[in-house]
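Have the structure open beside you as you read.

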2 protein chains.
Amino acid sequence: MGLNDLLNHTSEWLKGTGPHSDIVISSRVRLARNIDKLPFPHWGNKKQSEQVLKAIEEAIQRIDYLKPTTVFKLSDIDSLDKQFLIERHLMSIEHAQKADNKAIVIDEDEVLTIMINEEDHIRMQVMQSGFNLFEAWNIINKIDDSLAKELRIAFLPDWGYLTACPTNTGTGMRGSVMLHLPALVITRQIDRVLAAISKLSFTTRGLYGEGTQASGNFFQISNQVSLGHSEEGIIDNLTGLIRQIIEQENQARQAMFSKNQAVLEDRINRSLGILRSAHIISSQETIELLSMVRLGADLGIIKDIDRRRINELFIITLPAHLQKTENKKLTSIERDVKRAELIRNKLNLS
Amino acid sequence: MGLNDLLNHTSEWLKGTGPHSDIVISSRVRLARNIDKLPFPHWGNKKQSEQVLKAIEEAIQRIDYLKPTTVFKLSDIDSLDKQFLIERHLMSIEHAQKADNKAIVIDEDEVLTIMINEEDHIRMQVMQSGFNLFEAWNIINKIDDSLAKELRIAFLPDWGYLTACPTNTGTGMRGSVMLHLPALVITRQIDRVLAAISKLSFTTRGLYGEGTQASGNFFQISNQVSLGHSEEGIIDNLTGLIRQIIEQENQARQAMFSKNQAVLEDRINRSLGILRSAHIISSQETIELLSMVRLGADLGIIKDIDRRRINELFIITLPAHLQKTENKKLTSIERDVKRAELIRNKLNLS
């Protein structure tokens, strides 16, 4: 598999399937692991990181069901392709900095990715469409077990898995759910909800993880603590919290629809109208308008465009995706023009 | 002819024909006249205003080519119909106040209207599409001559025609041209242009004459002085000024089109996109968006909607027109919903 093959594939997190997929975009579980007796990437020298990379690559090749994955060395990937992987939520922004003995392992379904020599030796994640944390956990747990048979993983009985940053020590696990909460935002209840999430020791982030702002009414909610709870306990807690947020978003949607149907129809249809007619449009405006169109499709206000076409647009309109599709570097204003053209083409199909 | 017959007629000022009709919406000449020896309407008693009305009505009936006109007594017209006539630029806002012995004479082409007992006994106007001041003057001059044969018009050789307000004394004439100047507004040159107009003793008003603001990039420019110049002299001066403004608007359009084509296409197409998709829309927003769409049609950026359909929308979306079309009173929010529906229907025709 080459990276360009992903261009025509719909990312797992944008498939729009799975339980509660009208509100929950995707569920993700990631594990941080390190090889025993070798320093964490930031402390190790070049030779040591080379050793780490080699050991993990070989381990993967010995695991049968990981054979369909592809290993990409970051030194072989240009900056556009790195941005492309970040946009697809396959790679972290941190991993894209410096290429020394870093690699990323991707399966062609874009369910599993393993980042090698990120903050930890191993950062693996499994994504599932919709509200599917337990399924993601089951898949990643199996991969973790297989890797543990091939590699000596740093682990202390009292502390659990050792990690570069102490916030990940213990289970080394982070469960994350990407939610689309337009009704809570429009009805101005979101701040109250986010404050409650924070009090309960969960973290809210934007579309692209750590350090990014929420945009387009997308919120990624994760556990903050990974120590002192079992993996199942963490997922259980997160699942319970997400259930409550889904319920609140649903109530807000119903209330908006019954009390302000005309206002809502106006806003949603205008958003689609602008997407269908703009000739210059930024990523940010695109995400915000698509968010409203997606809400319209969820509520049955927009009937002629299915959720999958909307979801695809979220990703193919991003800067690196646009440039890979056009197969050339584009300036910001060139992207805004091409983006508008692409959206018009996709949304004016009859 | 009944007032409802006008509903399916395109107002002269919105036909979109005539010279320079991409920039000049319409040309209008109005004359103020009073009957000798009878007090001006504001000073006269009921009996006197009755006498005025009767004398003018009878005079009109004796003039052959005024026979196809219809006389509407304002006491027979409800407030919705008054608003309807104001929206069509057939009646002044002032004339709609109090009904005592007021009347309005309308011809079915909506070229000529005569208001009886407005500020003066007679306020007659002739409208022409496009830049056609001299034609408007020729028509109204002939009507004025005919009326002068039937009525004793108040006139002093040294002063000219006597009028209730001294600003109209002399010729009693006002020439007005309605201009659509989006490029001068967008390129922020309009303030300079308006300041120059004002220095040259011309007046700028909004869409609905005295006391109204410019909106949708429409500006109505008239002579301020009616004394000390011949009618032809006034029209000549105004024509010269308008020619210069047309030239400046044309230059601004060409400059925008060549320097910022993508920005312009974006703005124009978004305006059309919003009109085609909104479910709630105010008159004000409608006028502003239609102004951009009209510019788009003038510049060939919008090809599938002809100027006449755009022009019709300017008027049928106004509050009284909407209510007459729906044949019932509508609240402001009901109008905003109906207006959006009407616009969608008219602009989504293939």
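## Domains of chain A

The centres of domain 1 of chain A and domain 2 of chain A, taken over C-alpha atoms, are 27 Å apart. The domain assignment places domain 1 at residues 3-253 and domain 2 at residues 260-347 of chain A. The two also touch: 28 residues of domain 1 of chain A are in contact with 24 residues of domain 2 of chain A.

## Confidence

Please keep in mind that this is a predicted model. For chain A the mean pLDDT is 92, and 98% of the residues of chain A reach 70 or more. For the complex, the predictor gives an ipTM of 0.85 and a pTM of 0.88.

## Helices 8 and 9 of chain A

Two packed helices are described by the angle between their axes and the distance between the axes. In chain A, helix 8 (residues 261-277) and helix 9 (residues 283-298) have axes that come within 8 Å and cross at roughly 130°. That angle makes helix 8 of chain A oblique to helix 9 of chain A. The crossing of this pair is left-handed.

## Helices 9 and 10 of chain A

Helix 9 of chain A also pairs with helix 10 (residues 307-316) of chain A; their axes come within 10 Å and cross at roughly 165°. Helix 9 of chain A is thus roughly antiparallel to helix 10 of chain A, and the crossing is left-handed.

Here Ile287(A), Leu290(A), Ser291(A), Val293(A), Arg294(A), Ala297(A) and Asp298(A) of helix 9 of chain A meet Arg307(A), Ile310(A), Asn311(A), Leu313(A) and Phe314(A) of helix 10 of chain A. The residues of this contact divide into seven nonpolar, two polar and three charged.

## Helices 10 and 11 of chain B

Now over to chain B. How do helix 10 and helix 11 of chain B lie relative to each other? Helix 10 (residues 319-326) and helix 11 (residues 332-347) of chain B pack at an angle of about 80°, with their axes 10 Å apart. They are therefore roughly perpendicular to each other.

On helix 10 of chain B, the residues to look for are Pro319(B), Leu322(B), Gln323(B) and Glu326(B). These meet Arg335(B), Lys338(B), Arg339(B) and Leu342(B) in helix 11 of chain B. Sorted by class, the contact holds three nonpolar, one polar and four charged residues.

Definitions and conventions. Residues are numbered from 1 along each chain as its sequence is written. Chains are lettered from A and ligands numbered from 1 in the order in which they are written. This is a predicted model: local features need pLDDT of at least 70, side-chain atom pairs count only at pLDDT 80 or more; totals for chains, interfaces and linings use all residues. Side-chain values use heavy atoms; hydrogens and water are left out. Axes are lines fitted to C-alpha atoms, for helices over the stretch in contact, and angles run from 0 to 180 degrees between N-to-C directions. Helices (H or I, at least four residues) and strands (E, at least two) are DSSP runs, numbered from the N terminus. Angles under 35 degrees count as roughly parallel, over 145 as roughly antiparallel, 65 to 115 as roughly perpendicular and the rest as oblique. A crossing is left-handed if the near helix is turned anticlockwise from the far one by less than a right angle, and right-handed if clockwise. pLDDT is the predictor's confidence in each residue, from 0 to 100. Domain bounds come from an automatic or database domain assignment. Contact means heavy atoms within 4.5 Å. Ala, Val, Leu, Ile, Met, Phe, Trp, Tyr, Cys and Pro count as nonpolar, Asp, Glu, Lys and Arg as charged, and the others, Gly among them, as polar.
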